[in-house]
Amino acid sequence: MTSQTATPVTNDTARQAPLVDGYEVVIGIEIHCQLNTDSKIFSDAPTAFGQAPNTQANLVDLAMPGTLPVLNHAAVEKALKFGMGIDAELGTINAFDRKNYFYPDLPKGYQISQMQQPIVGRGHIDIVVNEGEKGEYAKRIGITRAHLEEDAGKSVHDAVPQMTGIDLNRAGTPLIEIVSEPDMRSAAEAVAYVRAVHQLVTWLGISDAIMAEGSFRADCNVSVRKPNAPLGIRNELKNLNSFRFIEQAINAEIERQIDVIEDGGKVEQATRLYDPATNTTRAMRTKEEANDYRYFPDPDLLPVHIDEATLTNIRASLPELPTARRARLQTDLGLPEYDSRILTASRALADYFEQVVAHVGDAHAKTAANWVMGDLLGALNKQEQTIEQSPIRAAQLAKLIERINDNTLSGKLAKQAFAALLAGEGGDGDDAVDIIIADKGLKQETDVGAIQAMVEDVLKNNQAMVDEYKSGKQKAFNGLVGQVMKASKGKANPAQVNALLTQLLDN
């Protein structure tokens with residue numbers, strides 16, 4: 001199998017999450033991740049988001065009499081990719097079951113899922129908690145299983161008039177449900193875990209994982225106990241669709257359960273909803289157990305047998321995984337660990353960075369990292385854009401760095417050229433930077449004679465600063481540098497200015 005990690009991660013037990021008011025928190029998470037197939041898992045109905053209600057559900061999705069499900073092979077391949085990404089046991093023989101329950105948005109009266117024989121078995125994913133902060137630590141989270149299933153429809157509640165409608169567009173959309181071990185001990189660990197899974201599924205290209213659209217949502221099972229006591233009664237926080245809400249909901253539920261116990265009460269097992277307006281959780285329904293759903297094998301779907309040739313082809317199609325790529329950026333390019341983490345936040349960002357490096361050379365990888373992480377990501381974040389939406393192509397940013405390296409641009413002039421690139425000036429070609437430099441007259445002055453003339457003129461007209469420098473005041477030197485740069489309109493090569501000033505002042 002393809003390993004998700006470059007090196008093993010062991011849990012740092014000395015740096016685990018602290019107790020909360022004397023209680024240990026235990027968290028397990030079920031993530032529902034929509035697979036980005038063109039059609040549904042058992043029908044040829046489309047899966048595009050945002051279409052008019054009930055326009056993307058066909059007779060199979062509606063379970064009309066006489067219809068039969070047909071398995072979408074693309075969903076199987078994407079689930080296997082995830083299993084390989086978490087270094088999991090793969091269910092080369094897996095089967096589908098019927099999960100029976102009644103709800104208005106489930107027209108069949110049952111959901112096709114996998115209970116006894118899931119496609120993905122035990123695996124793991126490594127997380128970094130409190131990343132970039134004091135107290136940062138690594139931890140390995142076990143994944144119990146990931147199984148294929150179909151999504152249900154959606155109930156749409158309107159306040160005015162008070163009514164509920166059913167939209168079945170989502171019914172039959174392929175999901176993998178990713179079930180973790182109860183290995184997390186704080187909201188911070190839970191968020192780090194969900195972020196890691198989110199990064200992996202988008203990196204593998206098996207899901208767009210847009211939380212606002214419901215294609216990636218988490219159910220968090222939370223319980224508390226005294227240290228070394230048996231596991232407490234868990235409550236499930238349903239359908240959390242943002243990292244912020246996951247953290248807030250878990251912390252609110254921890255506080256609620258501790259309050260119940262400290263007041264002499266008993267935590268009852270239930271499914272709960274989080275209300276961000278009040279930062280509280282409220283009971284939705286009594287928590288069901290597996291036997292409540294009366295699982296039985298789906299008689300319309302045969303078991304799925306996956307041969308070794310299929311596994312070999314899928315393994316060959318896997319990209320270099322995030323942790324392995326992070327390690328390579330540190331080893332091959334000499335980047336600090338922090339830089340490598342930022343640059344591998346998404347596969348698209350890592351690809352962009354390496355495209356820049358391919359142009360400027362490995363020796364300038366750190367400079368490329370600084371420009372990508374600082375100026376580019378900063379500008380994109382302000383505009384609420386992703387790297388895929390960047391108006392500056394990798395080749396253009398590389399050309400900017402090259403013009404710094406060959407002394408065409410100073411650091412200050414490069415910032416001006418970058419701003420022009422960001423605004424779309426210079427056109428879409430690789431020569432956009434050179435066009436901007438020519439149009440705006442940004443070429444750095446490197447002629448020694450011209451710079452020396454400016455330096456001599458500044459020294460002549462700023463005798464007071466010269467005297468201060470000679471009396472030992474270093475700040476006066478910086479003032480003289482500023483005067484030369486002002487005289488050159490920011491175009492003089494700073495290194496040459498410093499060298500010439502030092503030479504003339506010392507003489």
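Analyst: Keep in mind that this is a predicted model. Helix α2, residues 187–203, lies across β1 (24–34), β5, β6, β9 and β10. Its direction runs at about 120° to β5.

User: In what order do the strands of that open sheet of 8 come?

Analyst: The order is β5-β6-β9-β1-β10-β11-β12-β13, and the pairing is mixed.

User: Which strands are at the edges?

Analyst: β5 (123–129) and β13 (280–286). Each has a single partner strand, so one side of each has no neighbour in the sheet.

User: And how are neighbouring strands turned against each other?

Analyst: By 30° on average, with direction ignored.

User: Which other helix packs on the sheet?

Analyst: Helix α1, residues 73–85, packs there and touches β6 (137–150) and β9 (174–180). The direction of α1 makes about 165° with that of β6.

User: Stay with β6. Is it enclosed or open?

Analyst: Of the 14 residues of β6, 11 are buried, so the strand is largely enclosed by the rest of the structure.

User: How does β6 pair with β5?

Analyst: In the antiparallel sense, over 7 bridges. Val 129 has Tyr 137 in β6 as its bridge partner.

User: And with β9?

Analyst: β6 and β9 also pair in the antiparallel sense, over 7 bridges. Arg 145 is bridged to Val 179 in β9.

User: Are β11 and β12 parallel or antiparallel?

Analyst: Parallel, over 3 bridges. Asn 235 is bridged to Ala 270 in β12.

User: How do β12 and β13 run?

Analyst: β12 (residues 270–275) is joined to β13 by 6 bridges, and they run antiparallel. Tyr 274 stands opposite Thr 281 in β13.

User: How many residues are between β12 and β13 in the hairpin?

Analyst: There are 4. In the turn, Asn 279 has a positive phi of about 55°.

User: What does Phe 82 touch?

Analyst: Leaving out residues up to four places away in sequence, Phe 82 touches Ile 143, Ala 146, Ile 176, Ile 178, Val 197, Leu 200, Val 201, Leu 204 and Ile 206.

User: OK, α7 and α9. At what angle do they pack?

Analyst: Helix α7 (residues 347–360) and helix α9 (residues 394–405) pack at about 45°, with their axes 8 Å apart. The two helices are therefore oblique to each other.

User: Is the crossing of α7 and α9 left-handed or right-handed?

Analyst: Right-handed.

User: Which residues make the contact?

Analyst: From α7, Tyr 352, Gln 355, Val 356, His 359 and Val 360. From α9, Ala 394, Ala 395, Leu 397, Ala 398, Ile 401 and Glu 402.

User: Back to strands. What is the order in the open sheet of 3?

Analyst: β4-β3-β14, with antiparallel pairing. β4 (110–113) and β14 (296–297) are its edge strands, each with a single partner, so one side of each is left without a neighbour in the sheet.

User: How many bridges join β3 to β4?

Analyst: 4 bridges join β3 (residues 97–100) to β4. Lys 99 has Gln 111 in β4 as its bridge partner.

User: Last one: where is Tyr 293, and is it buried or exposed?

Analyst: Tyr 293 is in the loop between β13 and β14. Its relative accessibility is 14%, so Tyr 293 counts as buried; the cut-off is under 20%. Tyr 293 and Tyr 101 are 192 residues apart in sequence, and their C-alpha atoms are 6.1 Å apart in space.

Methods
Residues are numbered from 1 along each chain as its sequence is written. This is a predicted model: local features need pLDDT of at least 70, side-chain atom pairs count only at pLDDT 80 or more; totals for chains, interfaces and linings use all residues. Side-chain values use heavy atoms; hydrogens and water are left out. Two strands pair if DSSP finds at least two bridges between them. Axes are lines fitted to C-alpha atoms, for helices over the stretch in contact, and angles run from 0 to 180 degrees between N-to-C directions. Contact means heavy atoms within 4.5 Å. Angles under 35 degrees count as roughly parallel, over 145 as roughly antiparallel, 65 to 115 as roughly perpendicular and the rest as oblique. A crossing is left-handed if the near helix is turned anticlockwise from the far one by less than a right angle, and right-handed if clockwise. Buried means under 20% relative accessible area, exposed over 50%, partly exposed in between (1.4 Å probe, protein chains only).
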